[in-house]
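Hi,

Here's the structure I promised to pass on.

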Amino acid sequence: MIKEIPFWWATAPELPGYADKPLPQRADVVVIGSGYTGLSAARSLAQRGVNVVVLEKETIGWGASSRNGGQVLTGLAVGPEALIKQVGVGRAREMHAASLRGLDFIEELIRAEQIDCDFQRVGHIEAACKPAHFAHFQHAQELLAREFNHPIRLLDRSQQRDELGTNYYHGVLIDERSAGVQPAKYVRGLARAAERAGAQLHEKTPALAIERSAAGWRVFTPRGPIGANEVLIATNGYTDAAAPALRKRIIPVGSYLIATEPLPAEVAAKILPRRRMVYDSKNFLAYFRLSSDNRLVFGGRAEYKVSSPQTTRRSVSILRRGMIEIFPELANTPIEYSWSGNVCFTFDRLPRIGRMNGLHYALAYAGHGVSLATYLGAQAADFISGTGGQTPFADRPFDPIPLYNGTPWFMPLGALWYKLLDVVG
Ligand SMILES: Cc1cc2nc3c(=O)[nH]c(=O)nc-3n(C[C@H](O)[C@H](O)[C@H](O)COP(=O)(O)OP(=O)(O)OC[C@H]3O[C@@H](n4cnc5c(N)ncnc54)[C@H](O)[C@@H]3O)c2cc1C
């Protein structure tokens, strides 16, 4: 029987309940959402003596932050060439540098707060699904070195087995700076750190609506309203009717994962000898890694829909088939866990941080949020407390998506389009 919960939840220490504490009437800052963005912001604000309350509609860390692949990656969802085309070389350099600062920031936070979450700089691999994709890696290598001073290594198909035990791919790109983490252990450790700093956490407390008031803002919840000078929306791919303006600007997309039973040590060492984080070069990409107890944790966009129990159930056989295509020796390995979550995109696949109609927000990390959400959460805290510095993700166009109210009706068409690109591209 496959357990339909994130494998990470089963191996992370439980938090105490945060559902029954009385809700204060007022706070300096109310943060909505308790993933990496909200908790990192709350920690930073509380460290400065700000009275901060975090509202979470489910349980602490319930969203993407406890469900993701735990790949702590350099760069952004948009590759270097497309990034330069999209934003120009100057802003592209700043964005790339911010992604590296994000990695240093999360590493330092985990060290300073002594969070036991298996963080290790094991590096990442991008695997080429076609010979043309490997040729593109060569171009990216040259561009990364020249424009971003960022060295990466390439291994062609004849050498790739030192890194990845399969003949499925046509060469690999290796970036030593990336890391892996157990995401649920990390988000729960971050919650503890925010609490130690003085933040008040409240779960099972959805923000239903946010209104301006004479003294700032009123956030309405089923447990009564709470007043605030400032509000930070940190709801990412789970943004709901409480933040209607943001909902029209972001696209939640389901991402799906399975975890096998623990593999024998020799099998694990054969398929991922250096235990790196891996994703491949398709639009409908696969991503995978080993857990600390040698399970293969394998994910992908099995469906281009917001995640739900039905789509999660349907995704298992699609993911299992994809895993066996890459690693045929796993054909008889039982799957023990399956789960899913929502990744959050903007139309240009770049994150945003800023203020809209007076409300602060930071979101849309497009599958690169483990470090970026942690980092931009802290930057949002800087802006809120008036010490904000430069960030290349602010002051960028962020218009509503035409004919869209937050329900991504165009996803099946988008999925077809990307599948077609994977066949011809
Ligand atoms: C399956 C999956 C795999 C991924 N893999 C990777 C990866 O390997 N590497 C990587 O870097 N990134 C990955 N990501 C992305 C990464 O997990 C996210 O970018 C990051 O966790 C975002 O953190 P967040 O705090 O902004 O949002 P979340 O962690 O999603 O938190 C938002 C929270 O807001 C709450 N909320 C929503 N509305 C309300 C409301 N009205 N009131 C109160 N609370 C509310 C939600 O319940 C939720 O808990 C993945 C994402 C998914 C889903």
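Leu155 is partly exposed, because it has 18 other C-beta atoms within 10 Å, and a residue needs 20 or more to count as buried. Do keep in mind that this is a predicted model. Leu155 sits in strand S5, which covers residues 153–155. Leaving aside residues up to four places away in sequence, Leu155 touches Gln160, Asp162, Glu163, Gly171, Val172 and Ile174. I also looked at Leu155 and Leu173: they are 18 residues apart in sequence, and their C-alpha atoms are 6.6 Å apart in space.

Next, a helix pair. Helix H3 (residues 80–87) packs on helix H5 (residues 131–148) with the axes 9 Å apart and an angle of about 55° between them, so H3 is oblique to H5. On the H3 side the contact is made by Pro80, Glu81 and Ile84; H5 brings His139, Ala140, Leu143, Leu144, Glu147 and Phe148. Sorted by class, that contact of H3 with H5 has six nonpolar, one polar and two charged residues.

As for the whole chain, it has eleven helices and 18 strands. The C-alpha trace spans about 65 × 50 × 45 Å along its principal axes. The radius of gyration is 21 Å, which agrees with a compact globule, since one of 425 residues would come out near 22 Å. Of the 425 residues, 51% count as buried. And if you take contacts between residues at least 6 apart in sequence, 75% of them join residues at least 24 apart.

Cheers

Methods:
Residues numbered from 1 in each chain as written. Predicted model: local features only at pLDDT ≥ 70, side-chain atom pairs only at ≥ 80, totals over all residues. Helix = DSSP H or I, 4+ residues; strand = E, 2+ residues; numbered from the N terminus. Buried ≥ 20, exposed ≤ 12 C-beta atoms within 10 Å, placed from the backbone. Contact = placed C-beta atoms within 7 Å. Rg over C-alpha atoms; globule rule 2.2 N^0.38 Å. Axes fitted to C-alpha atoms, helices over the stretch in contact; angles between N-to-C directions. Parallel < 35°, antiparallel > 145°, perpendicular 65-115°, else oblique. Nonpolar A, V, L, I, M, F, W, Y, C, P; charged D, E, K, R; others polar.
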